[in-house]
Amino acid sequence: MSEAIGVAGVEAGQGSITIRGIGKTYRTGKTNFRALGNIDLDIGANEFVTILGPSGCGKSTLLRIVAGLEESNEGVINVDGDTVVGPGADRGMVFQGYTLFPWLTVRQNIEYGPKLKGVSILDRRAISNRYLRITRLESFASRFPKQLSGGMKQRVAIARALANGPKVLLMDEPFGALDAQTKLEMQEALLEVWEREKTTVLFITHDIDEAIFLSQRIVVMGAGPGHIVREFPVTLPAERTSDVREHPDFLKLRREIAALLKHKEE
Ligand SMILES: Nc1ncnc2c1ncn2[C@@H]1O[C@H](COP(=O)(O)OP(=O)(O)OP(=O)(O)O)[C@@H](O)[C@H]1O
């Protein structure tokens, strides 16, 4: 099997997202609340883009609309030219809360999606082996979620999302509940996975350092209604080890983004 093609068939060069004129108004009783207004964003195939912004500016709403879990009132989203009309196997989600099935082992959790799709036992085993290896969970395959640490559970959640062969990984503060050290380890693990799997990643976080360390591009949103304020390309070396956190460009970008967010929250 080619390294560029995953077990589930994701090819490099797939997973571009086009967001055009997206608006979302929530109706609660007799009042309307405009959460998002006229969002335009293009994300290239295999790109890693992070959204930062103050609490309540609509980051999760936008991600859920891309996932097809929520409908927009205006605009359209395409993934590789196909209009998003609901959830689909081309888009995998990883949330902050652990959404594993507690009654299934780690391996069974990873194989769950392929099993639903009717993938044979043999192929399912190949898929789970691959993602257990990539997420370094091989020795935990027979454990149940309650026997795992928070970081391990999130690794399983990532492995489970990847096992469906998504072109796009949508991640909503996936490491938000982890301790500082585990969070750093997970960030490095995610970059390794991203480099191997060639998926497009759209990631949400409140953590500026996490955004800079992971991304090729950072999109800052503001509220009232949710809109894009500014984009920052991250011009750090592609090989990111923890040393990159001391890089002058890293520190400069952190200062710029922090100043912008502070201004937005005032
Ligand atoms: N189902 C809903 N009904 C009504 N209002 C909602 C609903 N979901 C979200 N909102 C509102 O839409 C706005 C955007 O919410 P969203 O969760 O997308 O923000 P966020 O930027 O992800 O916030 P946080 O960083 O705190 O997670 C908020 O004001 C929120 O209260």
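# Close-up views of a predicted protein model

Of the 266 residues of the protein, 39% count as buried; a residue is buried if 20 or more other C-beta atoms, placed from the backbone, lie within 10 Å of its own, exposed if 12 or fewer do, and partly exposed in between. The structure is a predicted model, in which local features need pLDDT of at least 70 and side-chain atom pairs count only at pLDDT 80 or more, while totals for chains, interfaces and linings use all residues. Residues are numbered from 1 along each chain as its sequence is written.

View 1. Helices (H or I, at least four residues) and strands (E, at least two) are DSSP runs, numbered from the N terminus. Along its principal axes, the C-alpha trace spans about 55 × 45 × 35 Å.

**View 2. An open sheet of four strands has the order β2-β1-β4-β5, with antiparallel pairing.** Its edge strands are β2 and β5 (82-83), each of which pairs on one side only. Two strands pair if DSSP finds at least two bridges between them. Five bridges join β1 to β4 (residues 74-79) in the antiparallel sense. Within β4, Glu74 is the bridge partner of Gly23.

**View 3. Helix α1 packs on the sheet, touching β1, β2 and β4.** Two residues are in contact if their C-beta atoms, placed from the backbone, lie within 7 Å. The direction of α1 makes about 115° with that of β1; axes are lines fitted to C-alpha atoms, for helices over the stretch in contact, and angles run from 0 to 180 degrees between N-to-C directions. Seven of the nine residues of α1 are buried, among them Leu62, Leu63, Ile65 and Val66. Gly68, with a positive phi near 85°, follows α1.

**View 4. The shell around the ligand draws on β1 (17-28), β2 (31-43) and α1 (59-67), each supplying at least two residues.** A residue is near a molecule if its C-beta atom, placed from the backbone, lies within 6 Å of it. The residues around the ligand include Tyr26, Phe33, Gly58, Lys59, Ser60 and Thr61. The largest share, three residues, comes from α1. By class, the shell has four nonpolar, seven polar and one charged residues. Ala, Val, Leu, Ile, Met, Phe, Trp, Tyr, Cys and Pro count as nonpolar, Asp, Glu, Lys and Arg as charged, and the others, Gly among them, as polar.
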